[in-house]
Amino acid sequence: MHLKLKIAPVLVLVGFMGSGKSTAGRLLAERLGWSFLDLDEEIERRAGKAVTQIFEQEGESRFRQLEHEALVEQLQLSRNGRPRVLAVGGGAFVEARNQQQLEMGGISIWLDCPVETLWERVSRESHRPLAQRREDFERLYRERLPHYQRADFTLPAGAAEPLEVVEAILKLPLF
Ligand code: S3P
């Protein structure tokens with residue numbers, strides 16, 4: 001595919017837990033021939049332990065610090081000009097310091113899904129520290145909505161299959 005990309009070539013998928021950022025991000029990068037990075041995986045690699053362990057042993061604020069550092073580092077690497085797709089954890093875009101970084105260094109795309117769908121997806125898995133009780137999960141979702149709404153683009157992704165999300169991203173006025 002011949003792309004006429006004229007703006008910063010870092011696409012950042014943001015959104016709540018379970019919105020499909022990593023799956024769609026991987027597929028999107030594959031379609032574009034770009035590299036892909038899942039920020040949570042990078043945090044785990046740097047810390048030498050799983051996100052759940054970081055939460056349990058060091059607490060959420062330490063995780064947020066590691067998340068911020070990894071994001072800054074990755075955006076700096078991206079300035080070298082290699083186009084990339086990044087998927088960031090559900091809390092990353094909520095922090096003002098991260099939003100500022102992303103404002104300057106990337107194009108954010110919010111995968112917008114209804115909270116019922118998100119809960120249905122994540123409650124089948126047990127590893128997310130912030131997805132243990134439905135009530136807390138829904139409250140957090142409501143608190144975070146205004147932050148996600150500040151993304152550069154919003155895509156309704158609740159009913160869509162990952163490949164449909166990728167197609168919708170490729171139709172954004174970016175390429
Ligand atoms: C979090 C979401 C997780 C992970 C961590 C915290 C959050 O990523 O970063 O458990 O605060 O919403 P996913 O959105 O990929 O599940």
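Arg144 reaches the ligand with a polar side-chain atom, 2.7 Å from one of the ligand's oxygen atoms. Pairs like this are polar contacts, meaning N or O atoms within 3.5 Å of each other. Arg64 and Arg128 also take part, as the table shows.

| Residue | Distance from a polar side-chain atom to a ligand oxygen atom |
|---|---|
| Arg64 | 2.6 Å |
| Arg128 | 2.6 Å |
| Arg144 | 2.7 Å |

Taken alone, the ligand exposes 390 Å², and the protein buries 93% of that (Shrake-Rupley method, 1.4 Å probe).

A word on the model: it is predicted, so local features need pLDDT of at least 70 and side-chain atom pairs count only at pLDDT 80 or more, while totals for chains, interfaces and linings use all residues. Residues are numbered from 1 along each chain as its sequence is written, and side-chain values use heavy atoms, with hydrogens and water left out.

Around the ligand you will find 13 residues, the closest being Lys21, Gly90 and the arginines Arg64, Arg128 and Arg144 (a heavy atom within 4 Å counts as near). By class, this shell has 5 nonpolar, 3 polar and 5 charged residues (Asp, Glu, Lys and Arg are charged; Gly is among the polar ones).

The ligand sits in the largest pocket (more than half of its atoms lie within 2 Å of the pocket's grid points). A pocket here is an open set of points on a 1 Å grid where a 1.4 Å probe fits, with protein on both sides within 12 Å along at least five of seven lines; lining residues have an atom within 4 Å of a point. Helix α1 gives the most to this lining, with 4 residues (helices are DSSP runs, H or I, of at least four residues).

How values were computed. A polar contact is a pair of N or O atoms within 3.5 Å; within protein, one must be able to donate a hydrogen and the other to accept it, and residues adjacent in sequence count only if both atoms are side-chain atoms. Helices (H or I, at least four residues) and strands (E, at least two) are DSSP runs, numbered from the N terminus.
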